[in-house]
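Hello,

Here is the structure for your files. My notes on it follow below.

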Amino acid sequence: MKFVIAPDSFKESMTAKAAAVAIQAGLQKIYPDADYELVPMADGGEGTVQSLVDATEGEIITADVQNPLDETVSAFYGVLGDQQTAVIEMSAASGIQFVTTETKNPLITTTYGTGQLIKDALDRGMRRFIIGLGGSATNDGGAGMAEALGVRFLDENGQQIARGGAALATLHEIDMSNLDPRVAESEFLLASDVTNPLVGETGASAVFGPQKGATPAMVAELDAALTNYAAVIKAQLGVDLANTPGAGAAGGLGAGMLAFTQAKMQSGISLVVEATELVAKAANADVAFVGEGAIDFQTQYGKTPMGAAQAVKQASPNAKVIGLAGYVGDGIDALYDLGIDAVFSIVPGAVDLPTAMKTGEANLTRTAENIARLLNTK
């Protein structure tokens with residue numbers, strides 16, 4: 001019997017690796033001699049670095065960088081087991097967690113620290129990058145990131161403009177002469193399921209600006225600044241990003257990556273499936289386990305359990321795929337025709353959320369054991 005165990009994290013309860021280990025512990029009580037393939041998963045958002053490092057036996061690297069408010073902080077990224085690929089969650093350096101209700105201000109917040117993480121990885125020899133776009137406190141179109149890599153953003157007097165989204169209104173010229181040459185030698189894959197363009201009614205400022213502290217007046221100011229930014233990029237670099245799907249991700253960092261690196265957009269789960277080699281590892285699987293904190297009708301739309309299930313089915317069409325979750329919501333019937341064969345809640349009864357979080361690993365182990373007892377025909 002071969003089991004593939006490929007859960008996402010159960011947010012605020014356990015990492016993807018801890019969830020995988022807990023599931024294995026339950027199965028081994030009934031199948032002590034089975035073949036187990038543990039593949040911690042993620043979708044490109046929070047937890048992606050840890051999941052990919054765990055799945056590939058890589059390592060976590062820390063570096064001092066500037067946070068969105070230009071304060072020095074310690075941030076992290078992952079180097080995968082191939083020692084060639086860096087995985088960076090932009091939020092590790094430029095995330096919303098670095099600002100408070102009083103200090104969040106997308107007019108001035110910057111992605112400079114994300115660029116510093118990329119530079120640190122370049123210094124360590126990395127030439128392949130997976131960049132998770134999500135959880136940002138910024139609205140600077142990725143200009144800060146590019147500045148950290150050597151790009152200069154100049155006003156009409158040839159002076160460097162300030163960092164932050166508002167200053168892009170004064171952008172007149174982009175000087176690429178000092179861009180780190182290693183950037184052109186590198187591959188950048190952008191993990192994001194956001195399809196918003198850079199500007200307009202569905203752009204970065206209008207849709208995501210308010211949650212970063214933007215008032216209606218600030219949204220208008222930021223959108224105008226990004227419109228100017230897009231116009232200068234189009235005129236000088238020949239790249240039209242104003243309405244490109246995904247350019248508005250992470251406050252426009254998607255646009256900055258597309259403009260200044262050889263970047264390609266890709267869904268988060270597909271990148272993780274590729275990086276973990278899940279399809280190859282799922283060959284000849286009999287049963288697979290996927291899961292995360294909640295499984296419901298939204299799971300079918302590119303969520304981690306669905307992506308993992310479909311990867312398993314690609315490798316082993318006859319494998320049974322079982323979904324485990326703390327909360328099982330409405331609309332799961334749709335999943336049964338898309339790759340998940342059965343769904344179980346791991347919560348044993350009516351308990352409050354803190355208790356469910358605290359006992360997550362034990363609940364996973366118990367549920368996995370009971371499923372194994374059902375599968376065991378001896």
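By class, the side of domain 1 that touches domain 2 has 3 charged, 1 polar and 1 nonpolar residues (Asp, Glu, Lys and Arg count as charged; Ala, Val, Leu, Ile, Met, Phe, Trp, Tyr, Cys and Pro as nonpolar; the others, Gly among them, as polar).

This is a predicted model: local features need pLDDT of at least 70, side-chain atom pairs count only at pLDDT 80 or more, and totals for chains, interfaces and linings use all residues. Residues are numbered from 1 along each chain as its sequence is written, and side-chain values use heavy atoms, with hydrogens and water left out.

Domain 1 covers 1-39 + 278-373 and domain 2 covers 46-266, with bounds from an automatic or database domain assignment. Their C-alpha centres lie 33 Å apart. In contact (heavy atoms within 4.5 Å) are 5 residues of domain 1 and 5 residues of domain 2. The count between the two domains is 1 salt bridge.

Val347 lies in the loop between strand S13 (342-345) and helix H12 (353-358); helices (H or I, at least four residues) and strands (E, at least two) are DSSP runs, numbered from the N terminus. Leaving aside neighbours within four places in sequence, Val347 is in contact with Gly326 and Arg366.

Regards

Note on methods. Salt bridge = Lys/Arg side-chain N within 4 Å of Asp/Glu carboxyl O.
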